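Hi everyone, thanks for coming.

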Amino acid sequence: MDKSLDPALLEQVKKLQQKYAVMGQDLSSYLDGLLYSDYLTYWDYIHLDTLLSLQNPKTQFPDEKIFIVYHQITELYFNLILWEIEQIAFHEALTEKFFQERMVRIITYFQQLENSFSVMIHGMEREQFLKFRMSLLPASGFQSAQYRLIEICSTDTINLVNVQEREALKEYSDIGQQIEKLYWRSGATELASGKKTLTLQQFEEKYLKLFKETGMKYRDRNLWKLFNAKFSQSELLKKYLREFDQLANVLWPLAHLKSAGHYLQRNPEDIKATGGTNWQKYLPPRFQKIMFFPELWSEQEKEEWGKVAIDRMLKN
Ligand code: HEM
């Protein structure tokens with residue numbers, strides 16, 4: 001039997017030797033390690049056991065598991081969206097092609113989230129939901145930090161300011177002042193007394209510093225800034241940014257609103273939402289009027305923000 005090494009293999013070993021030598025490492029020891037190590041398994045690679053140990057319902061109602069898992073799935077998609085935004089924002093030599101390809105991914109993720117929201121709307125027994133929800137007070141999806149980070153990394157913070165104060169803050173304020181007035185902070189504050197809900201207080205305590213830092217970090221490299229700096233002539237990118245804006249600020253919020261309507265609507269007096277918002281007035285996109293890229297919409301489109309999608313939703 002020919003005992004000589006396949007020349008291609010020998011070439012690979014030489015390359016490996018060079019790679020390890022650069023770092024002052026001895027290839028032979030690493031080959032020993034390879035000899036003794038186990039083969040990788042699927043379950044270890046994706047940490048399946050850990051993943052499946054992360055659902056800890058607070059009640060005995062079986063449908064609570066669906067609620068937890070679907071929130072986790074959503075957070076994983078949010079994480080992928082942030083991952084793509086970060087790659088666009090910190091690319092060393094951003095090209096139109098890279099920007100476009102990453103926008104397509106972001107849009108795909110948001111489409112998945114919009115379409116899959118039916119898991120929430122029709123996937124749980126209302127009677128169970130209304131009971132286990134009470135055991136989760138005052139936690140709320142309102143406290144999703146990744147959702148807020150997606151907003152902050154996508155646009156200038158002025159576009160996230162509460163719509164009543166946006167004009168006034170436009171000219172004279174800095175990011176710190178704008179972050180004080182973000183729409184969701186105003187939304188969970190009692191107008192008359194200025195008192196913040198507990199849901200908001202706890203959320204801010206944990207994350208406000210991060211939001212301010214992220215606002216500064218993305219001040220000159222959020223998606224809107226990057227588009228404007230170099231790619232504002234790209235019709236395709238414009239189209240993708242509009243699609244993303246619609247998904248993030250109209251279509252997903254409407255799918256979400258539908259679930260709130262389905263579970264909470266019937267006795268609005270009795271069934272309080274956890275964030276303490278008057279959610280019927282707070283959640284609809286046509287009241288929030290949050291657009292990441294207002295410059296890409298006509299006056300009429302802005303005026304009717306959320307309306308076309310609502311009409312479509314009511315027809316279905
Ligand atoms: C049956 C399912 C759901 C219902 C009934 C529901 C209900 C609500 C309500 C009433 C609010 C307003 C804040 C409050 O008063 O608590 C809210 C906010 C929010 N929820 Fe949900 N939610 C559901 C599922 C989800 C899921 C799966 C997510 C995914 C992370 C989520 C994320 C959010 C976010 C990000 C907000 C803040 C929206 C904004 O500030 O515009 N929710 N939800």
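Let me begin with a definition: an axis here is a line fitted to C-alpha atoms, for helices over the stretch in contact, and angles run from 0 to 180 degrees between N-to-C directions. Helices themselves are DSSP runs of H or I with at least four residues, numbered from the N terminus. Please keep in mind that this is a predicted model, where local features need pLDDT of at least 70, side-chain atom pairs count only at pLDDT 80 or more, and totals for chains, interfaces and linings use all residues. Residues are numbered from 1 along each chain as its sequence is written, and side-chain values use heavy atoms, with hydrogens and water left out.

Helix H6, residues 96–116, packs against H15 at an angle of about 20°, and their axes are 9 Å apart. H6 and H15 are therefore roughly parallel, a label for angles under 35 degrees, while over 145 is roughly antiparallel, 65 to 115 roughly perpendicular and the rest oblique. Their crossing is left-handed, that is, the near helix is turned anticlockwise from the far one by less than a right angle. Among the residues that make this contact are Phe99, Met103 and Phe110 of H6 and Tyr240, Phe244 and Trp252 of H15; contact means heavy atoms within 4.5 Å. By class, the residues of this contact divide into 17 nonpolar, 2 polar and 3 charged. For those classes, Ala, Val, Leu, Ile, Met, Phe, Trp, Tyr, Cys and Pro count as nonpolar, Asp, Glu, Lys and Arg as charged, and the others, Gly among them, as polar.

H15 has another partner. H9 and H15 pack at about 150°, with axes 12 Å apart. That makes H9 roughly antiparallel to H15. This crossing, too, is left-handed. From H9 come Tyr147, Ile150 and Ser154, and they meet Phe244, Ala248, Trp252 and Pro253 in H15. This contact of H9 with H15 has 6 nonpolar, 1 polar and no charged residues.

Let's stay on H15, which spans residues 235–264 and holds His256. Which protein residue is the donor of the iron atom of the ligand? The only one is His256, through NE2 at 2.1 Å. Donors are N, O and S atoms within 2.8 Å of the metal (3.2 Å for Na, K and Ca), and water is not among the atoms, so sites may look incomplete.

Ser259 is also in helix H15. Is Ser259 buried or exposed? Ser259 is buried, with a relative accessible area of 10%; buried means under 20%, exposed over 50%, and partly exposed in between, using a 1.4 Å probe and protein chains only. Leaving out residues up to four places away in sequence, Ser259 touches Phe117, Met120 and Ile121.

Trp305 sits in the loop between H18 and helix H19 (307–315). At 2% relative accessibility, Trp305 is buried as well. Trp305 and Gln246 are 59 residues apart in sequence, yet 9.1 Å apart in space, C-alpha to C-alpha. Apart from neighbours within four places, the contacts of Trp305 include Asp245, Asn249 and Lys289.

Finally, some backbone details. Lys289 has a positive phi of about 50° although it is not a glycine. His47 also has a positive phi, near 50°, and His47 is exposed, at 52% relative accessible area. The peptide bond from Leu137 to Pro138 is cis, with omega near -5°.

How values were computed:
Helix = DSSP H or I, 4+ residues; strand = E, 2+ residues; numbered from the N terminus.
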